[in-house]
Amino acid sequence: MSSVNTAAHSVVEPTPTAKRIAGTIVILYALVTMIPLAWIFLTSIKSPPDSISYPPKVVFTPTLEGFCNLFTTRTRQTPDYIQALPPPTGTCDEITRGRNMVIAGPSNYWPRFGNSLLIAFGSTFLAVSLGTLAAYGFSRFRVPLADDLLFFILSTRMMPPIAVAIPIYLMYRQFGLSDTALGMILLYTAVNVSLAVWLLKGFIDEIPREYEEAAMIDGYTRLQAFWKVVLPQATTGIAATAIFCLIFAWNEYAFAVLLTSGSAQTAPPFIPTIIGEGGQDWPAVAAGTTIFLVPILVFTIILRKQLLRGITFGAVRK
Amino acid sequence: MSEIKIVNLRKQFGDFVAVEDSSFTVEDGEFLALLGPSGCGKTTTLRMIAGLELPTSGKIYLDSEDVTFNRASARDIAFVFQLFALYPHMNVRRNIGFPLLSQGVPKAEIRARVEETAKLLRIDHILDRSVSGLAGGDRQRVALGRAIIRRPKCFLMDEPLGTLDAEFREVMVHELRELHNRIDATTVYVTHDQHEAMAMADKIAVMNHGVIEQFGTPQEIYNRPASMYVAEFIGSPPMNFMRFHSGLKRGTRSILLDAVEVAVPEVGEDVAPGEMALGVRPEHIRFSDRSRIRGAVYGSEYLGTNQIVAVETAAGIVKARISADRSFRLGETVGLEFNPAKLAIFDCASGRAIASSLYAEVRHG
């Protein structure tokens, strides 16, 4: 008997070798995906000459010049003028003067970043809210032509959104939505809501109706039952959907270039414009990109638990 | 507590008739079991009483108030689901207190009543546990707690013991009945298990294909089945049917079964000649060498206190429940004697029981 036991491999328990192989693959994959991110971060703390040196430098003296250039606009001055100024007031001031320049004022980076936050989170909130309600309706009620409607909703995804760029551009100009945060929120919501409906319908279908029925018998209205019983159990799906919607809205470039230029411009079209100001300033671009990555990272980490929790093996037995 | 009255209730899903014109009354404090195979309409009937399903036609009265089209939340009833439907994002305490929360009961009172309910169900030690880690029986008790805490007009239960282990089910059958005796609540209990229904219910409604075949006490249903379906569905092993071809006259006291005269309860109606069946429960059969109904022993099943012996007769295989101390050889010829007072006669074409003095007792006693 014992010989059989030692020789047999359980189906559910992976062997040490399998674990090692799986671990190696995961680590390799993580490295491959993280190298570009690491490179962007390293570039952001290089000096401009270091950033374009060939072969690329891995060992270098870090500097905050990229971040200073990102946050400020600068003007070139004569050394005599700089000599005559009062002593520098901060690190950026000092670095800038070292390049024979003085700070003229703040750059547009933070306002653009703020636009990105407002538009991406605003449209994600709207898309997920509308998507959850629509998905609940499709999941629980006999909606006339439900299949056709769902197909129609999905059909908005059957071409790249940019294919309708020109009609949208003209419509937006007509309605005065060009270069407004509201216009961008509506646009990203429209694109994301189809994804949200389909993803969330799957999650809500998985939640047994008995929960709502129990709540309704316990004296709650359908809306209260939805709020108190369905939503808490749909958090996994809502979190996953929100992350997908947010990533799309946060990274979207083409519509942002086309429809925003001034007050509503988001960070993606703004970051490349840094290159034009005073030479090819790669560290500033990399600094802008590094900061741009942070909100998505934070959002994903916050929702990680919800994403990983998976299906609640709860009190309903199947 | 209250009385539930169902009048001509009917439910159709498209072309499929789930419940066919049903009428019955559950009296105050009574425990009714809706018994039948899956798909017979018993759960649909229960869901219509609860307000989770609207009837196609008919009326439902709770305490003589017409609630047919009232919302579930406005009916003041409690429902125990087959899969319990405990809210997985709440612990035991919040699950049990959830119905009170909707009524705006003050927090302190909810707390007190949750604890009182938990004590009644002996689950006060797990109040702060998460429901997902609970064993089947404890989940069952939490679901019951959520139902009884509100002191509703009536309880509706949809196969609440269906997912429990056989061993544990017996414990819960006992607990449920004890609970019913203590709180004396009008209860409608859906099950496909005749033992649960017989053990717990005051009244049983046997359903088949959306029709209530018989409504009565467990004794009536067992001793005086209204149809062959009921006779076969209730009892284990079920009632034996011995077929014969004949017509019947009112007042007849015997029939001919394969040319052997068998005494039966006095027939109460005239029946045109046709295919008939003599219904006899296994425990109403004795082995007797003098009997002219003979057959060969086909097999036996030893049950400890007694045994089930199958005998092949000219009218088919008959199962008899007899004392365990006799032993038989396979193929041995035996004579069968029936208890004449307990026999039922059915019309095979319609399945209905023929009126006789056996059934007369129903009306007069």
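This is a predicted model: local features need pLDDT of at least 70, side-chain atom pairs count only at pLDDT 80 or more; totals for chains, interfaces and linings use all residues.
Two strands pair if DSSP finds at least two bridges between them.

## A three-stranded sheet in chain B

The sheet is open and has three strands, in the order 11-14-20. Their pairing is antiparallel. Strand 11 (240-248) and strand 20 (344-347) of chain B stand at the edges. Each has a single partner strand, so one side of each is left without a neighbour in the sheet. From one strand to the next, the twist averages 35°.

How many bridges join strand 14 of chain B to strand 20 of chain B? There are four, and strand 14 covers residues 271-280. Strand 11 of chain B and strand 14 of chain B also pair, over eight bridges.

Now look at single residues.

| Residue | Opposite residue | Strand of the opposite residue |
|---|---|---|
| Phe244(B) | Met276(B) | strand 14 of chain B |
| Ala277(B) | Phe346(B) | strand 20 of chain B |

Follow Met276(B) through the table. Phe244(B) stands opposite Met276(B). Ala277(B) stands opposite Phe346(B) in strand 20 of chain B.

## Chain B as a whole

Chain B has nine helices and 20 strands. Its C-alpha trace spans about 75 × 45 × 40 Å along the principal axes. Chain B has 365 residues, and 42% of them count as buried. Consider next the contacts in chain B with a separation of 6 or more. Of these, 64% are between residues 24 or more positions apart.

Chain B is divided into two parts: domain 1 (4-223) and domain 2 (228-356). The C-alpha centres of these two domains of chain B lie 38 Å apart. Seven residues from domain 1 of chain B and five residues from domain 2 of chain B take part in the contact.

Which elements of chain B give two or more residues to the domain 1 side of this contact? They are strand 9 (203-208), strand 10 (211-216) and helix 7 (218-223) of chain B. By class, that side of domain 1 has three nonpolar, three polar and one charged residues.

## Where chain A meets chain B

The two chains touch. In this contact, 20 residues of chain A meet 23 residues of chain B. On the chain A side, helix 11 (210-217) and helix 12 (222-251) each supply at least two residues. Helix 11 of chain A gives the most to that side, with six residues. By class, the chain A side has eleven nonpolar, five polar and four charged residues.

## A helix pair in chain A

Chain A also shows two helices that cross. They are helix 7 (residues 109-140) and helix 10 (residues 181-205) of chain A. Their axes come within 6 Å and cross at roughly 35°. Is the crossing left-handed or right-handed? Helix 7 of chain A passes helix 10 of chain A in a right-handed crossing. The residues of this contact divide into 19 nonpolar, eight polar and two charged.

Definitions and conventions:
Residues are numbered from 1 along each chain as its sequence is written. Chains are lettered from A and ligands numbered from 1 in the order in which they are written. Two residues are in contact if their C-beta atoms, placed from the backbone, lie within 7 Å. Ala, Val, Leu, Ile, Met, Phe, Trp, Tyr, Cys and Pro count as nonpolar, Asp, Glu, Lys and Arg as charged, and the others, Gly among them, as polar. Domain bounds come from an automatic or database domain assignment. A residue is buried if 20 or more other C-beta atoms lie within 10 Å of its own, exposed if 12 or fewer, and partly exposed in between; C-beta atoms are placed from the backbone. Axes are lines fitted to C-alpha atoms, for helices over the stretch in contact, and angles run from 0 to 180 degrees between N-to-C directions. A crossing is left-handed if the near helix is turned anticlockwise from the far one by less than a right angle, and right-handed if clockwise.
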